[in-house]
Amino acid sequence: MPTSRSQAGQDLFVRLLTDFSPTGYFVDIGCNRPMFHNNTCELEQLGWTGLLIDCDAAMLQECKRQRKASIVLADMRTVSLRDIFTAYDVPALIDYVSFDVDMANDLALPTFPFDTHRFRIMTFEHDAYYNGPALRDKSRQIIQAAGYALLCRDVKHENNPYEDWYVDANLFAAETLDRFRLDNAEYTKI
């Protein structure tokens, strides 16, 4: 069984969907720790490249010491993802977006440049078990309106629904997506 450093197997989910691709590009929005419970560390160790974004300068210093990806110190309540993507020359097709900026998710998501950038896979932490359904529902409207399919709805960790996992369904075979489709289940079932 491949290893996972994510809290709920997000990196393994990405690896399975991309057929264990040794290369790819990620954007880790709200990366936090460089390795423990990090959704992109394992991908980077396999050869992927990308961008780590967080508002915690001390945590980013740790990332700088332990990771190879580009580092961006940014408060997602005040900085636009469009501006970051432009400044760091993020490719138009991103293989994986990990979106986890907690209380700033509702401010950061509308700044995602859906008109110039597409992603293959996104895991979006909404914490509905704790914050209620408002952010989850709003994020679903925005992401699905941009043309993405909600593949795994209300992914649970320790029985708490806290994430939605999206894909660009045009970039995957239907039978692949059917294997992973799941609603309101513990991440270990995916």
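Predicted model: local features only at pLDDT ≥ 70, side-chain atom pairs only at ≥ 80, totals over all residues.
**Overall build**

Let's start with the whole chain. For 190 residues, a compact globule would have a radius of gyration near 16 Å, and the protein comes in at 15 Å, so the two agree. The C-alpha trace spans about 40 × 35 × 35 Å along its principal axes. Of the 190 residues, 51% count as buried. Look at contacts with a separation of 6 or more, and 67% of them are between residues 24 or more positions apart.

**A look at strand E6**

Strand E6 covers residues 149-157, and seven of its nine residues are buried, so the rest of the structure largely encloses it.

| Partner of E6 | Residues | Sense | Bridges |
|---|---|---|---|
| E7 | 160-167 | antiparallel | six bridges |
| E8 | 182-183 | parallel | two bridges |

On the E7 side, alanine 149 has valine 167 as its bridge partner. E6 and E7 form a hairpin with two residues between the strands, and in that hairpin glutamate 158 takes a positive phi near 55°. Over on the E8 side, arginine 153 is bridged to aspartate 183.

Definitions and conventions:
Residues numbered from 1 in each chain as written. Heavy atoms only, no water. Rg over C-alpha atoms; globule rule 2.2 N^0.38 Å. Buried < 20%, exposed > 50% of the residue type's maximum accessible area, 1.4 Å probe, protein only. Contact = heavy atoms within 4.5 Å. Helix = DSSP H or I, 4+ residues; strand = E, 2+ residues; numbered from the N terminus. Pairing = 2+ DSSP bridges.
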